[in-house]
Amino acid sequence: MATRRGAIEGWVLALCTTATMAGCDELDAGRPVLDDDGLRAPAGDPRQGSGEGVITPVVFVPTDEDPGAERIAAVDAALADVWSWYDVQLGDRHLVVAPLQVVHGQRDAATYRGDRGGPDIWALGPDELRAALGASPWDNGHLVLLVGAGLSGWAGGAGNGVAGFSVLGMESLTDPARCEGNWWCTPEFWRGTAIHELGHGLTLPHSVDPSIMAFHGDWSHRALLDEPDYPEVATVRALPFTAPDTDDGGAMPTEPDPPPPDEPPSQEPSGCGEVDYAGRCDDATLVWCEDEVLRSYDCGAVGMTCGWQDDVVGNNCL
Ligand SMILES: [Zn+2]
């Protein structure tokens, strides 16, 4: 179920600014173009989405790269570990994942890495992905995990709760000789990095041990936290990119009991009273109606206030 928390820019950012770099060195030092820090997700409006999201993994091939079928298959196989890892963390829910796609880029790898000083994969990728796949990672309901040939140590991700974009290079998995000497250049670190960057795409900020959001390494012994200060499991479970596990492979759970015959079905299903989607502010708490359910969110908990945004969204955390 989409929630308005996804619309709150700032909550979702993975910040490793210069001022906080001390806490990020362990994560990010040594990467040639590591851009985990400060990547921004556009604000999303959950009302434009269906509430159903899908994560699309993409092998992205710049004009001067040719990974071939074997490396693409290796990515697909390693991604199975990524999905399985989340499956364990999410209890009776799992990530909703599309089949691996291969997208050919319009520029060379150095451009996408940012070596030429211009726009890099973070800026160029969304439009190229829309042209190839029909949807951008920033369209509601879409999250793309992009594995780029030639992107080497480029890694980063961000999400807004209804959309997201996660990026990492391919070489540490498929061609360690091409990134030899870098501490992150192993297939095991590749898996940890994919899990970590996907976590950013799923709105998770950096965290503390033993979370994968604290460190990319040793992925199989790391977890998502389920603590009041780090509600990582609950955060991801609430996103439209997860669905409940079912025994029969996706059919809906049992239908609700019909109402008793002497009790006519209500013609007014809304449980929100006078509250509509534009909602209201109870001090710093945003209260609104969505899918006929009264919802609330404490903007103050993320350092924001509640107020009128515009006629489209109504009240929101500002
Ligand atoms: Zn990170």
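**Note on the predicted model: disulfide and salt bridges**

1. The torsion about the S-S bond of Cys179 and Cys185 is about 70°, so the disulfide (a pair of cysteine sulfur atoms within 2.5 Å) is right-handed. The sulfur atoms of Cys179 and Cys185 lie 2.0 Å apart. A disulfide is a covalent bond between the sulfur atoms of two cysteines.

2. The structure is a predicted model, in which local features need pLDDT of at least 70 and side-chain atom pairs count only at pLDDT 80 or more, while totals for chains, interfaces and linings use all residues. Residues are numbered from 1 along each chain as its sequence is written, and side-chain values use heavy atoms, with hydrogens and water left out.

3. The protein contains seven helices and 12 strands; these are DSSP runs numbered from the N terminus, helices being H or I of at least four residues and strands E of at least two. Of its 318 residues, 50% count as buried. Contacts are heavy atoms within 4.5 Å; among those between residues at least 6 apart in sequence, 62% join residues at least 24 apart.

4. The accessible surface of the protein comes to about 14,700 Å², as given by the Shrake-Rupley method with a 1.4 Å probe; for residues, only the protein chains shown count as cover. Carbon and sulfur atoms account for 51% of that surface.

5. The model holds 13 salt bridges, each a side-chain nitrogen of Lys or Arg within 4 Å of a carboxyl oxygen of Asp or Glu. Side chains of opposite charge can pair when their charged atoms come close. One of the salt bridges joins Arg113 and Asp115 at 2.8 Å, N to O. Asp115 is partly exposed, with a relative accessible area of 46%.

6. Helix α4 (residues 121-133) contains both Asp127 and Arg130, three residues apart, or about one turn of the helix. Their side chains meet in a salt bridge of 4.0 Å, N to O. Asp127 is exposed at 54% relative accessible area, whereas Arg130 is partly exposed at 37%.

7. Arg130 also forms a salt bridge with Asp139, at 2.6 Å, N to O. Asp139 is partly exposed, its relative accessibility being 22%.

Technical notes
Buried means under 20% relative accessible area, exposed over 50%, partly exposed in between (1.4 Å probe, protein chains only).
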